[in-house]
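Please read the numbered points alongside the sequence and the model.

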Amino acid sequence: MHAHQNQQEDQYLKLQAFPQQLQYEVEKVNLITPRKPLSPLIGLRSHQELHKELKMTHNRRLSQERKTELQRALEERKWGQMKKASRDQEEAKKNRSPLRQELMKRHHRLQLEREEQREEPEFLRVKERLRRTAVQDAGEKEA
């Protein structure tokens, strides 16, 4: 009988607390909740692009974590080799000496002359050779 009386008292206390809780929730709904002021940085286009890039980088790292350690090591090695090769090419371009530059110009000019000679019809080249030999033969006979 004593347990039954305790249950009735608990229910009575719950019913008394319910209207107070209900009243608090109604007051809470009617209140204007303050909003966090917007940062002027968040609205900037550069900030949005940076945020987008960070999300993409994060997603890329998550996808890399699924790879095996060997695959990641090979990719890092390949990337390092490519970076070193490009750095070496840049140094080679910058460190050309004046003599080397002049030799390259001369080589380029000679290649252009050879291409021009190839474009000339063959019969003109043969005719030119014949003239040279004829002039040389005439010079030898006079001597």
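1. Overall fold. The protein contains five helices and zero strands, and its pattern along the sequence reads α-α-α-α-α. Helices (H or I, at least four residues) and strands (E, at least two) are DSSP runs, numbered from the N terminus.

2. Basis of the values. This is a predicted model, in which local features need pLDDT of at least 70 and side-chain atom pairs count only at pLDDT 80 or more, while totals for chains, interfaces and linings use all residues. Residues are numbered from 1 along each chain as its sequence is written, and side-chain values use heavy atoms, with hydrogens and water left out.

3. Confidence. The mean pLDDT (the predictor's confidence in each residue, from 0 to 100) is 77 for the protein, and 76% of its residues reach 70 or more. Helix α3 (residues 69-94) has the highest confidence, at 89, whereas helix α1 (residues 2-30) has the lowest, at a mean of 64. Where pLDDT is low, the predicted coordinates should not be read in detail.

4. Of the 143 residues in the protein, buried residues make up 0%. Here buried means under 20% relative accessible area, exposed means over 50%, and partly exposed lies in between (1.4 Å probe, protein chains only). The accessible surface of the protein comes to about 15,100 Å², and 54% of this belongs to carbon and sulfur atoms. Such areas come from the Shrake-Rupley method with a 1.4 Å probe; for residues, only the protein chains shown count as cover.

5. The structure holds four salt bridges, each defined as a side-chain nitrogen of Lys or Arg within 4 Å of a carboxyl oxygen of Asp or Glu. One of them joins the side chains of Glu-102 and Lys-105, at 3.7 Å from N to O. These two residues lie three residues apart in helix α4 (residues 98-119), about one turn of the helix. Glu-102 is partly exposed at 47% relative accessible area, and Lys-105 is exposed at 52%.

6. Glu-128 is partly exposed at 34%, as is Arg-131 at 48%, while Arg-132 counts as exposed at 52%.

7. Negative patch. Glu-113, Glu-115, Glu-116 and Glu-119 gather in a patch of negative charge on the surface. Patches are made of residues with over 30% relative accessible area and no salt bridge, with like charges joined within 9 Å and nonpolar side chains (Val, Leu, Ile, Met, Phe, Trp, Tyr) within 5 Å. Among the four, Glu-116 is found in helix α4 and counts as exposed, at 55% relative accessibility.

Technical notes
Lys, Arg positive; Asp, Glu negative; His and termini not counted. Charge placed at Lys NZ, Arg CZ, Asp CG, Glu CD.
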